[in-house]
Amino acid sequence: MDVSGIIASNAAKYQPVEVEKETPLEVDPGLLLVTDLNPIDQEGYNANLEEHLQSLARDGVQALLASLFSLPTQRSDEGPLAQLPPPTTALPRAKPLPKPKPPTKWEQFAAAKGIQHRKRDKRVWDEERQDWVNRWGRDGKNKQVEEQWITEVPANADVDHDPRKIARDERKAKVAKNEKQRLGNIARAQGANPRGVRKEEIERTLTTARISTASMGKFDKKLDGEKKVRGVKRKFEPTEKSLSEEKNTSLALISKMGSEAKKMRREPAAEESVLNVRKAVRFAGKTRGGAAPARGAARGRGRGKGKR
């Protein structure tokens, strides 16, 4: 039986596995990248763009698959996996390399003393529960004294001794201490001195409190080592003025009071009533209820009819 015709028909139906071009394709299996440096076929591009792009994509994928099947493989539950080599194409980074974090105060001390860092496990063994529990967080080992229903009290303890409260306060004190150290490390990394920042805050607060008096701190008691505040002065008007200056000051005050834009006090018009009726009714409603005036009037009319 001659099967050459069948083989020829199948070969004409499928394209060859090997991709041959004038400029060989550059394949980087580490990045699954294929670069085609051949010039674009202008006739095929103008005749049928979609078919031209599909042909280029097919050639690139075929070259990439051929390179992947030539790599060493390893077995896994999903099947054989190809071991990709390190990439050879250098790609630019979208962002600059992160700067190394400066060492903390404890890391500097550990490096000077030769202390090796040992990472603590997140879970510890609990003898009472006979199970592994969290060291911190929810149902953590550090909250064992706070959450247990019975605790041992020393014989010489006070009457109001609360072991659960003491343990909770100690845990919160440790958390506050760690947070303070963390903020100090951040400030130290940014080039700021935590003690210097705190000193500046204290000096700023002291200056603000000193100049809040009428004399701007002139007659206040000075502290040891307190610096003199410069550039803070208070201007007082002279007690005695000439007649023209006093007249001008009074006229300026009167014009300010009579201006429509900055009116300090407005006298009620003649047609306005001195008594605010709405406010009086609202006040009476709040004291005796919303319908108290109406009920009182109706009750008065009823009693009058009975007497008559």
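**View 1. Asp28 and the residues it touches.** Beyond its neighbours within four places in sequence, Asp28 is in contact (heavy atoms within 4.5 Å) with Leu33, Pro87, Thr88 and Thr89. This is a predicted model, where local features need pLDDT of at least 70 and side-chain atom pairs count only at pLDDT 80 or more, while totals for chains, interfaces and linings use all residues. Residues are numbered from 1 along each chain as its sequence is written, and side-chain values use heavy atoms, with hydrogens and water left out. Asp28 sits in strand 1 (residues 26-28), strands being DSSP runs of E, at least two residues, and helices runs of H or I, at least four, numbered from the N terminus. Asp28 is buried, with no salt bridge. Buried means under 20% relative accessible area, exposed over 50% and partly exposed in between (1.4 Å probe, protein chains only); a salt bridge puts a side-chain nitrogen of Lys or Arg within 4 Å of a carboxyl oxygen of Asp or Glu.

**View 2. Trp106 and Phe109 in helix 4.** Both residues lie in helix 4 (residues 105-113), three residues apart, or about one turn of the helix. Rings of Phe, Tyr and Trp (its six-membered ring) pair if their centres lie within 6.5 Å; planes under 30 degrees apart are stacked, over 60 edge-to-face, the rest tilted. Trp106 is exposed at 52% relative accessibility, and Phe109 partly exposed at 41%.

**View 3. Trp125 and Trp132.** These ring centres are 5.5 Å apart with planes at 70 degrees, so the pair is edge-to-face.

Technical notes
Lys and Arg count as positive and Asp and Glu as negative; His and the chain ends are not counted.
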